[in-house]
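Could you walk me through this protein, going from the overall fold down to a few individual residues? I would like to follow along with the sequence and the 3D view open.

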Amino acid sequence: MAAGGGGSPSIVEYFGGEDGYRCGYCKNESGNLSHGMWAHSMTVQDYQDLIDRGWRRSGKYVYKPIMNQTCCPQYTIRCQALRFQTSKSHKKVLKKMLKFISKGDVSKVVSEEEPMDSHIEDVVPSDFAYKSESQVSQTELTPLNEDHAEGVENDDKDKVETKEEVNVKKVESGSLQIPVDKDAAGPGEPSHSSKAVHAPPKPGKGADLSKPPCRKAKDIRKERKLQKLLQNQMGTLEGSPLQAGQQALLSQNSKTPTNQPKSIEDFIFVSLPDDAPHKLEVRLVPVSFEDPQFKSSFNQSATLFAKYQMAIHKDTPSECGENEAENPPNGPECGYGSFHQQYWLDGKIIAVGVIDILPYCVSSVYLYYDPDYSFLSLGVYSALREIAFTRKLHEKAPDLCFYYMGFYIHSCPKMRYKGQYRPSDLLCPETYVWTPIEQCLPLLELSKYSRFNQDTKAVDEGRVKELGRVRVLHKRTIMPYSVYKKRRKGPSDEASVQQYASLVGQTCSERMLLFRS
């Protein structure tokens, strides 16, 4: 992604609403509907604002589900990383990895309580020919002459814009070309639903909330042993008082120790024995062939991707066939942009998490891993590592405090696992405000499409108010739509531009360049 604080602006081609295509969740042959656009370049700030309006990317293709029409509505979900607490199933995955690394313990039994072993991105259309490469000639996107751009800006009597220069950098071959996963469960992966409210448990299922929480048997045995020891010592002394220190110690030990919940970091960054049979290292690598680590590991990473796609998603070998980071002074040390988190086990890459580091979040794009290591629940493990990574980045970039997991799909039981990363919020599809997931689930039980903002008077605050201010790139020249509209020959395209602007919002429509041929 290009520099968000300056440099090249985002340049997009809007395609409008796509014809229905096959849904990867309910298998409806034409029920999945979305809007789409091709991003020739994209700044991190623009993409941050777009995903906060329900967009997601698959490579350079950026899409937004038509929520009230698509068969399986896809709600943007984010986890509040700073407040995240590991669940019981998450701890099982972390402990399993720790046992494997420190002791070589291999447990291939997947617990029924374990969430689906995947957090990869959601289904998007992948069969449109024009999405695989740009149909705009490079000459149409070459840098502008400043005087030429200035002359156009002066044509608009209603708006004064500063001179700008479009500097479109050629994208590295292969950048942002990794396709998005179908997000379907792999073989043997159980599905789990998130409960909306604390309903009374069914007979034989769940905990009785009217009773005190269960305690571990070892804690009860320890307490009984200490109480017995205390009674024996008191009986032996027969009135001869214990020393104050001994009595205080026994009294303290007789109390059940309070179990402080462990954080992700407590599991991940624990000290390992010197003779540990395995070594796991996670490397953050910018997606750029100019980076030596990315370049040197590209072949191994690409081979792993092909192996994953063919084994998990049954792709053929022919089907397995990014952008520059930016480093603002107040951002994380690694900068913003697209990165690979490579999981190296004993000198070999076993998994790669594709992530976008944005101004306010770490966004999970894709994960692929070696199927031989699926017993380690690498989907869940990598998601937890990425949450921990988000918390680490927050130390240097205070605004960066969320972990975006793509889309939450309540109508598909196998896709509800993302709701187990708490606390988390869902994006209202009409007003684009974040709502705690606990408030959304009862609504989704009633209807697969729902407006989460219960204020009936609330509207989209980022909606388009002035269509004439939308920025357009036409014949290698930047101009506001009000000028382009006067110059355009042929039928009006105002309806298409209006739809585009309403979907990206006023802020992005004034910052990004909408390509018009």
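Here is a short tour, from the whole chain to single side chains.

Please keep in mind that this is a predicted model. The secondary structure comes to 12 helices and 15 strands. Of the 517 residues in the protein, 50% are buried. The protein exposes about 25600 Å², and carbon and sulfur atoms supply 51% of that area.

Let us begin with a pair of helices. Two packed helices are described by the angle between their axes and the distance between the axes. For helix α2 (residues 88–103) and helix α9 (residues 378–394), the axes come within 10 Å and cross at roughly 100°. On the α2 side the meeting residues are His-90, Val-93, Leu-94 and Met-97, while α9 brings Leu-378, Val-380, Tyr-381 and Leu-384. The residues of this contact divide into 7 nonpolar, 1 polar and no charged.

You will find Tyr-421 in the loop between β10 (402–408) and β11 (424–427). Its relative accessible area is 1%, and because buried means under 20%, Tyr-421 counts as buried. What does Tyr-421 touch, leaving aside residues up to four places away in sequence? The partners of Tyr-421 are Cys-79, Phe-84, His-90, Val-380, Ala-383, Leu-384, Ile-387 and Met-405. Met-405 is 16 residues from Tyr-421 along the chain, and their C-alpha atoms are separated by 9.4 Å.

Arg-422 and Pro-423 are joined by a cis peptide bond, with omega about -5°. Pro-423 sits in the loop between β10 and β11. In the loop between β11 and β12 (434–436) lies Tyr-432, which has a positive phi of about 60° although it is not a glycine. Tyr-432 is buried, with a relative accessible area of 16%.

Arg-476 also has a positive phi, about 65°, without being a glycine. Arg-476 belongs to the loop between β13 and β14 (477–480). Here the relative accessible area is 35%, so Arg-476 is partly exposed.

Our last stop is Arg-471, in strand β13 (residues 471–474). Is this arginine buried or exposed? Arg-471 counts as buried because its relative accessibility is 5%. A polar atom of the Arg-471 side chain lies 2.9 Å from the backbone oxygen of Arg-511.

Terms used. Residues are numbered from 1 along each chain as its sequence is written. This is a predicted model: local features need pLDDT of at least 70, side-chain atom pairs count only at pLDDT 80 or more; totals for chains, interfaces and linings use all residues. Side-chain values use heavy atoms; hydrogens and water are left out. Helices (H or I, at least four residues) and strands (E, at least two) are DSSP runs, numbered from the N terminus. Buried means under 20% relative accessible area, exposed over 50%, partly exposed in between (1.4 Å probe, protein chains only). A polar contact is a pair of N or O atoms within 3.5 Å; within protein, one must be able to donate a hydrogen and the other to accept it, and residues adjacent in sequence count only if both atoms are side-chain atoms. Accessible areas come from the Shrake-Rupley method with a 1.4 Å probe; for residues, only the protein chains shown count as cover. Axes are lines fitted to C-alpha atoms, for helices over the stretch in contact, and angles run from 0 to 180 degrees between N-to-C directions. Contact means heavy atoms within 4.5 Å. Ala, Val, Leu, Ile, Met, Phe, Trp, Tyr, Cys and Pro count as nonpolar, Asp, Glu, Lys and Arg as charged, and the others, Gly among them, as polar.
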